[in-house]
Amino acid sequence: MTYRLLLVLLLLAAACDKSTTLATSTEAEGAHAEHDEHAHHAGHGDHAEHAGHDEHADHQHEILAAAEASEGSLYQLDITLEDHKGNEFAWASQAGEPVLVAIIYTSCTTACPMIVSEMMTLRKNAGSDVKTLLISMDAKRDDVAALAAMHERHQLDDRWTVARTSPDNLRMLAAALGVRYRELPSGEFSHSQVITLLNPDGEIDTRMEGIGPQRHHMAEALKAL
Amino acid sequence: MLALCVSVPATAELVESMSVIPAGTWRPLYPAEGEEEVAVAQFRLDKTPVTNAQYLAFVKQHEQWQRGNTPRLFAGPEYLKHWASPTELGDAETAHPDVPVTHVTWWSARAYCEARGARLPTIREWELAGAASATKADASRDPEFVAQILAWYSQQTKLRPVGESEPNLWGVYDLHGLVWEWVDDFQAELIVVDNRADGTIDPTMFCGAGSISASRKEDYAAFMRSAMRSSLRAENATSSLGFRCAMDGETP
């Protein structure tokens with residue numbers, strides 16, 4: 001039975017001709033100069049969308065202009081989040097500097113604390129003060145108070161943000177980051193452990209799945225910042 | 001979501017193209033604790049997968065989803081590669097107007113559904129609909145039904161026009177036997193394919209789940225669907241993966 005299952009799975013894997021996975025290196029996007037106007041519209045629709053951004057609109061437009069040049073940028077997702085201080089911010093407003101990001105939930109007692117501590121260790125060992133973002137997958141229970149409590153509990157500084165967003169936005173962020181998650185009847189979540197480093201353009205620079213074996217690549221990536 | 005020029009929902013079109021799937025209970029293959037029986041609310045589901053012709057009409061109306069125009073984040077080099085051009089199907093068998101559209105990503109499938117005022121079905125919705133045979137609401141434990149589906153999974157399938165098979169009890173066609181289909185929460189599928197004999201999930205990779213193992217080992221078809229969904233990334237597009245749309249409740 002074991003072999004049959006294995007064979008079936010191997011056949012399945014072979015039959016699924018997958019497209020290329022997300023880039024794990026900062027390839028220079030030579031296509032920037034020739035970037036089609038249409039691609040810009042794909043992520044932002046009509047320009048009325050920009051009206052929803054916060055008061056740093058001018059600065060943001062500069063940043064967005066840089067981010068828009070990249071077809072792989074996650075900042076093409078027009079999403080708003082709320083941070084642990086209750087302030088709304090645009091996902092794309094992070095463009096301009098690298099961001100270390102993970103999806104967690106505050107009442108998680110097992111892997112999430114491991115993720116946070118892993119991020120701390122990575123930063124410390126690399127001597128990196130990279131901007132770091134934790135996004136909750138528990139839209140229902142993780143309100144601003146819960147986010148703030150988590151920030152406090154781990155004694156995080158201002159370079160760390162704990163944030164929340166709508167379930168649909170979270171679905172899109174998880175899709176872009178390749179994070180799997182599932183809410184269980186108990187209110188707990190089953191989820192994969194992924195830590196991602198976004199480059200200043202919002203593309204995935206380095207991605208770490210699981211804690212341990214891939215630590216080296218992420219450590220190197222942070223050191224290189 | 002991506003800001004699209006959302007079309008005004010064509011109510012009559014949606015009513016005609018969708019079947020009502022009554023509320024029911026789905027028994028996941030890999031239930032976590034408390035998930036052995038999942039309640040699924042009544043919903044509407046496209047009777048057939050989205051076809052090449054339908055998808056072509058969509059990209060003609062929404063240029064940003066034409067092959068070549070869509071940013072790599074949302075669609076890679078596999079996207080609609082079977083079409084002769086970004087706005088022409090061409091003569092390839094896989095590009096026949098009435099066969100299910102394939103080589104579409106999760107992002108593009110969602111955009112298509114949203115443009116109609118609809119959405120992708122969730123795993124539980126799809127599985128509830130897929131449990132029905134031609135005569136029975138829940139045939140998921142009938143050995144014959146399960147074997148029939150598995151027979152398809154074991155062979156290389158040729159694409160054929162939608163709606164030619166026998167519809168299930170709800171008047172829905174081609175849930176089995178044609179293409180794999182995107183679901184909105186495919187990321188909720190958490191099977192880790194490793195070399196363990198019993199198919200349990202590696203608990204060090206995931207948190208919160210404890211030990212999850214298959215509820216019925218004989219349902220290989222369900223296992224393969226779970227494995228398929230577990231293997232997908234949102235930007236993937238393959239020759240055997242299409243989709244159909246769904247809506248809440250009964251009235252569009």
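Helices here are DSSP runs of H or I with at least four residues, strands are runs of E with at least two, and both are numbered from the N terminus. The model on your screen is predicted. Keep that in mind at each stop.

**Stop 1: chain A as a whole**

Select chain A. Colour by secondary structure and you will find seven helices and nine strands. The chain has 225 residues, of which 51% count as buried. Consider the contacts in chain A with a separation of 6 or more: residues 24 or more positions apart account for 67% of them.

**Stop 2: an aromatic pair in chain A**

Across all chains, a search of the whole structure finds 14 aromatic pairs. Select Tyr75(A) and Trp91(A) and show the side chains. The ring centres are 5.4 Å apart and the planes stand at 70°, so this pair is edge-to-face. Edge-to-face requires planes over 60 degrees apart. Now trace the backbone from each ring. Tyr75(A) sits in the loop between helix H3 (57-68) and strand S1 (80-83) of chain A, while Trp91(A) sits in the loop between strand S2 (88-90) and strand S3 (99-104), so the pair ties together parts that are 16 residues apart in sequence. Are Tyr75(A) and Trp91(A) buried or exposed? Both are buried.

**Stop 3: an aromatic pair in chain B**

Move to chain B. Select Trp106(B) and Phe186(B). This aromatic pair is edge-to-face too, with 5.7 Å from centre to centre and 65° between the planes. Follow the chain away from each ring. Trp106(B) belongs to helix H3 (residues 106-115) of chain B, and Phe186(B) to the loop between strand S5 (180-181) and strand S6 (206-207). The pair links distant parts of the chain, 80 residues apart. Trp106(B) is buried, and Phe186(B) is buried as well.

Stay with the rings. Select Tyr55(B), Phe58(B), Tyr79(B), Trp83(B), Tyr112(B) and Phe243(B). They form one aromatic cluster.

**Stop 4: chain B as a whole**

Count six helices and eight strands. Walk from the N terminus and the elements run α-β-β-β-β-α-α-α-α-β-β-α-β-β. Buried residues make up 58% of the 252 residues. The chain exposes about 10000 Å², with carbon and sulfur atoms supplying 52%. Of the contacts in chain B between residues at least 6 apart in sequence, 76% join residues at least 24 apart.

**Stop 5: a sheet in chain B**

Select S1, S4 and S8 of chain B. These three strands form an open sheet in the order S1-S4-S8, with antiparallel pairing. Which strands stand at the edges? They are S1 (18-21) and S8 (246-248), each with a single partner strand, so one side of each is left without a neighbour in the sheet.

Zoom in on S1(B) and strand S4 (residues 43-46). Four bridges join the two, which run antiparallel. Pick Ser19(B), and its bridge partner in S4(B) is Leu45(B). H4 lies across S1, S4 and S8, running at about 75° to S4(B).

**Stop 6: the loop between H2 and H3 of chain B**

Select Asn69(B). This residue lies in the loop between helix H2 (52-61) and H3. Asn69(B) has 11% relative accessibility and so counts as buried, the cut-off being under 20%. Where does its side chain reach? A polar atom there lies 2.9 Å from the backbone oxygen of Glu63(B).

Now pick Pro77(B), also found in the loop between H2 and H3. At 57% relative accessibility, Pro77(B) counts as exposed. The C-alpha atoms of Pro77(B) and Asn236(B) are 9.6 Å apart, though the residues are 159 apart in sequence.

**Stop 7: two residues with positive phi**

Return to chain A and select Gln155(A). Its phi is positive, about 50°, although Gln155(A) is not a glycine. Look for it in the loop between helix H5 (144-153) and strand S5 (160-164) of chain A. With 74% relative accessibility, Gln155(A) counts as exposed.

Finish at Asp174(B). Here phi is also positive, about 65°, and Asp174(B) is not a glycine. It is found in the loop between helix H5 (143-153) and S5 of chain B. Asp174(B) is buried, with a relative accessible area of 2%.

Key: Residues numbered from 1 in each chain as written. Chains lettered and ligands numbered in written order. Heavy atoms only, no water. Phe/Tyr/Trp six-rings, centres within 6.5 Å; stacked < 30°, edge-to-face > 60°. Buried < 20%, exposed > 50% of the residue type's maximum accessible area, 1.4 Å probe, protein only. Polar contact = N/O pair within 3.5 Å; in protein donor to acceptor, adjacent residues only side chain to side chain. Pairing = 2+ DSSP bridges. Contact = heavy atoms within 4.5 Å. Axes fitted to C-alpha atoms, helices over the stretch in contact; angles between N-to-C directions. Areas by Shrake-Rupley, 256 points an atom, 1.4 Å probe, with all protein chains shown as cover.
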